[in-house]
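Reader: Let us go through this model by questions and answers. Keep it short, please.

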Amino acid sequence: MSERNDDLAVALFGELFMADQLARNRVSKALPKGMELSHFSVLNHLARIGDERTPAQLARAFHVTRGAMTNTLNRLEWAGHVHIRPDWDDARQKFVAISPAGRAARDAAVQSVAPLIGEVVDALGADRVRAVLPVLRELRARLEREG
């Protein structure tokens with residue numbers, strides 16, 4: 001990589017890291033009281049896929065350790081937002097599904113954050129956001145493959 005591309009890469013990742021930090025802070029503050037960003041992320045994922053997942057599958061999807069995912073799932077289960085059941089074929093494995101209360105909590109969280117993130121899209125312009133999404137998706141996919 002040339003020195004010029006090194007500078008470009010450092011600038012790109014610097015902007016990504018700062019945008020990530022700022023976005024996480026803003027969204028976390030907008031979430032309903034008691035809901036953490038990790039809780040919202042898992043509930044949103046489960047609501048979107050509409051199917052059960054194992055804790056290991058969820059940990060891989062979020063690029064976190066199984067222990068971190070277990071902690072998040074335990075908190076979500078305690079709040080009644082997910083159901084965790086054993087695998088009837090393999091007792092060592094469990095399955096996680098979003099509960100009706102979890103779906104309601106996720107929907108309330110979306111209602112809380114949607115105006116905030118919608119303002120950002122409005123300020124940047126929908127066409128510009130649509131134009132940058134393919135690049136960001138390709139960057140994410142490349143990092144996932146290499147990671």
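Reader: Is His63 buried or exposed?
Author: The relative accessible area of His63 is 57%. Exposed means over 50%, buried under 20%, and partly exposed in between, with a 1.4 Å probe and protein chains only. Therefore His63 counts as exposed.

Reader: What kind of model is this, and what limits apply?
Author: Residues are numbered from 1 along each chain as its sequence is written, and side-chain values use heavy atoms, with hydrogens and water left out. Local features need pLDDT of at least 70, side-chain atom pairs count only at pLDDT 80 or more, totals for chains, interfaces and linings use all residues, and the model is predicted.

Reader: Where is His63, and what is its phi?
Author: His63 sits in the loop between α3 and α4. Helices (H or I, at least four residues) and strands (E, at least two) are DSSP runs, numbered from the N terminus. Most residues other than glycine have a negative phi. His63 is not a glycine, yet its phi is positive, about 55°.

Reader: Which backbone nitrogen lies 3.0 Å from a polar atom of the Thr65 side chain?
Author: Thr65 also lies in the loop between α3 and α4. Thr65 is exposed, because its relative accessible area is 54%. A polar atom of its side chain is 3.0 Å from the backbone nitrogen of Ala68.

Reader: How far is Thr65 from Pro134, by C-alpha atoms?
Author: Along the chain, Thr65 and Pro134 are 69 residues apart. The separation of their C-alpha atoms is 28 Å.

Reader: Is His39 buried or exposed, and which residues does it contact?
Author: His39 is found in helix α2. Its relative accessibility is 8%, so His39 counts as buried. Contact means heavy atoms within 4.5 Å. Leaving aside neighbours within four places in sequence, His39 touches Gly34, Thr72, Arg75 and Leu76.

Reader: What does Leu73 contact beyond its neighbours within four places in sequence?
Author: Leu73 is one of the residues with the most contacts inside the core. Its partners are Val42, Pro55, Leu58, Val82, Ile84 and Val96.

Reader: Which side chain of opposite charge is nearest to Asp87?
Author: Asp87 is in the loop between β1 (82-86) and β2 (94-98). Lys and Arg count as positive, Asp and Glu as negative; His and the chain ends are not counted. A salt bridge needs a side-chain nitrogen of Lys or Arg within 4 Å of a carboxyl oxygen of Asp or Glu. Asp87 is buried without one, and the nearest opposite charge, 5.2 Å away, is Arg85.

Reader: Which residues does Asp87 contact, apart from neighbours within four places in sequence?
Author: A polar atom of the Asp87 side chain is 2.8 Å from the backbone nitrogen of Asp89. With neighbours within four places set aside, its contacts are Gln93, Lys94 and Phe95.

Reader: How many helices and strands are there, and what share of residues is buried?
Author: The protein chain has six helices and two strands. From the N terminus, the elements run α-α-α-α-β-β-α-α. Of the 147 residues, the buried share is 24%.

Conventions: A polar contact is a pair of N or O atoms within 3.5 Å; within protein, one must be able to donate a hydrogen and the other to accept it, and residues adjacent in sequence count only if both atoms are side-chain atoms. A nonpolar core is a set of buried Ala, Val, Leu, Ile, Met, Phe, Trp, Tyr and Cys residues joined through side-chain atoms within 4.5 Å.
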